[in-house]
Every structure is written in structure tokens, then in C-alpha cells.
Amino acid sequence: MAAVLCVGLATLDVTQRVDAFPAPGEKVRSLHAALSPGGPAANAARAVAALGGKSSLLTALGADALGEFVRASLDPVQVTAVPGTTPVSMVVVRDADGERTVVSRNASVPVTAPDLSGLLAAADVVLLDGHHDGLAIPVSQQAKAMGLPVVLDAGSWKPVLDHLLPLVDVAACSSGFERSEAEVHSYGVPLVIRTHGAKPVTWSRNGSSGEVPVPAVEVKDTNGAGDVWHGAYAYALASGEDPVAAIGFASEAAAVRVGAVEDWVERLARWQDSRSGSRSC
């Protein structure tokens, strides 16, 4: 079974669907409200589990009702949580096109990594989201020493990336990531990928470059789509897929996510089963 260790942020998401985003000072009635676990690493870990992989998450959570809710809601992901706070994200999704806006606190308390030997020994691939420096740096250092592939979800520039990028094998960047492909390669990253929403995904490696088209889909909810992309990509690598070929699989999985309004995890699992009648990539 393909095993992925996801390292980074887990949040409690409060999501409201609306007809239109409110103007400043305006109150609007929501069409639907939901509580769910969120955060780049946590969503990626849920995607890995839905696709049939062995999914582990290293994060920080508070020892309170919020943290317990997040931990319980992540099942069957194997959660290792160091003491910290449980960030809360307020997500508003526009019903007509699935566009979303997010207000979040993210990781704000320094954390210390536990013994990592067991987590890394059980992993085929490590996926980082750049949050929780105290976890990301020692994990990437030890993974590199062990020869484990390290994938970075590069959504936005963070100071810790100066230390992480030299340890990364694949940097999968969002369209808004503030560094160019050449700048990312200059840190020693072999493969740089950039997603562009509904436009083709671009990649560069060893002087070669290319693009991979993404599936056309009716967009219903974009929240967490990038997280699912990264989780699916890491799962494909852990399953033995070529790093460039894995881009197409990740984009197909993300398309399943944006086409779902509720329970995207179950929908992703059904999609994976329907592809081949098994959980294999």
C-alpha cells in the first residue's frame, strides 16, 4: 500500500455557502453551513486515504474540544499531533461558481518535533505544506538523509522555504507563488510544477519543460482543491508513478474535488474505485 506522510497544518473549517459574497457591513443568509477538518496537510492526508493509500499526518492541535473534533474527523488518517493550538478557518463559498474566500489564523505557536523514526520508516513519500517550521525542517532533513522523496506544496512564499527548498525533490507551486521556476530550481529543486487553475499544469526538469492539460469540470467548490491535488500527486509518487506522469492523475483527482459540494472524500474514493475496480493508482 502506498504510504504518504503529510506534515503541516490542520484546521477546523467553518464553511458557509452563499448566493453572493457580502459587501462590507452587510449581513447575508447562508444556503448551507458545515464544520469539517481543513488545512493543506490535513486535506492532502484525507485525499491519500480516500485514494486507498496509507495516510499519516504530523501536525499540531490544541488539547481541547476543537482539537478533538479535528482529530476524530480525520479518521482513517493516522494523526500524530504535538501540543499547540487548533487554528480556525472561516470559509465562504459562492454557490454559483464555487469560488471561495478564506479568513484563517494558521499556525501561530512554535512546536517541537517528536521522535520521527517510526513515521518516516513507514512512509514512501513525504509531503510538506510549509507550515509548522519545527516539524517541517527536521522531517525534511531526515527524509533527505533516508532517500525518501520530499514534495512541497508551495502555495505562498514563507521564510522557512529558504531552508526547505534545498531538501525538496518536487516543488508543486500555485499560480500565485511568488518565485519563478528558475528561482526555485536555483535552490537545487529537480522538478518544479506550477498549477494554473483551469489552465494546463506546467513543469520543468533538467532543462526540459512541458504542460499537462486539466479535465474540464463544472466547478461547485474550489476550497481545498489544491490540497487534494498535492495529496493525489504524493499518492501517485508513492505508488511508483513517474513524477511528471503523476501530474495528470493529480489534476483528475482535483477535478473530482471541485465538482463536489459535500462529502468530497467519499466522492473521491468512489472515483478511485471506478477507475480500475481497485484502490491502486
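Reader: Which residue forms a salt bridge with Arg17, and how far apart are the closest N and O atoms?

Author: The general idea: look for a side-chain nitrogen of Lys or Arg within 4 Å of a carboxyl oxygen of Asp or Glu. In this predicted model, Arg17 pairs with Asp221, and their closest N and O atoms are 3.8 Å apart. Arg17 sits in strand S2, while Asp221 sits in the loop between S13 and H7, so the pair ties together parts that are 204 residues apart in sequence.

Reader: Are Arg17 and Asp221 buried or exposed?

Author: The cut-off for buried is under 20% relative accessible area. Both Arg17 and Asp221 are buried. For Arg17 the relative accessible area is 6%.

Reader: What is the N to O distance in the salt bridge between Arg17 and Asp95?

Author: It is 3.0 Å. Strand S2 (residues 11–18) carries Arg17, and the loop between strand S6 (88–94) and strand S7 (100–104) carries Asp95, so this pair ties together parts that are 78 residues apart in sequence. Asp95 counts as partly exposed, at 35% relative accessibility.

Reader: How many salt bridges does the structure hold?

Author: Seven. One of them joins Asp169 to Lys144, with the closest N and O atoms 3.4 Å apart. Asp169 lies in the loop between helix H5 (161–164) and strand S10 (170–173), and Lys144 lies in helix H4 (residues 133–146), so the pair ties together parts that are 25 residues apart in sequence. Asp169 is partly exposed, with a relative accessible area of 22%. Lys144 is partly exposed too, at 35%.

Reader: Which residues do salt bridges that share partners join into one network?

Author: Arg17, Asp95, Asp221 and Arg257. Arg257 is also one of the buried residues of H8.

Reader: How do I read the sides of a helix?

Author: An α-helix has 3.6 residues a turn, so residues three or four places apart point the same way.

Reader: How many residues of H8 are buried?

Author: 12 of the 13, so H8 is largely enclosed by the rest of the structure. Among them are Ala246, Ile247, Phe249, Ser251 and Val258.

Reader: What covers the buried residues of H8?

Author: Contact here means heavy atoms within 4.5 Å. The cover includes strands S11 (191–196), S12 (199–205) and S13 (208–212). It also includes helices H7 (225–238) and H9 (264–276).

Terms used. Residues are numbered from 1 along each chain as its sequence is written. This is a predicted model: local features need pLDDT of at least 70, side-chain atom pairs count only at pLDDT 80 or more; totals for chains, interfaces and linings use all residues. Side-chain values use heavy atoms; hydrogens and water are left out. Buried means under 20% relative accessible area, exposed over 50%, partly exposed in between (1.4 Å probe, protein chains only). Helices (H or I, at least four residues) and strands (E, at least two) are DSSP runs, numbered from the N terminus.
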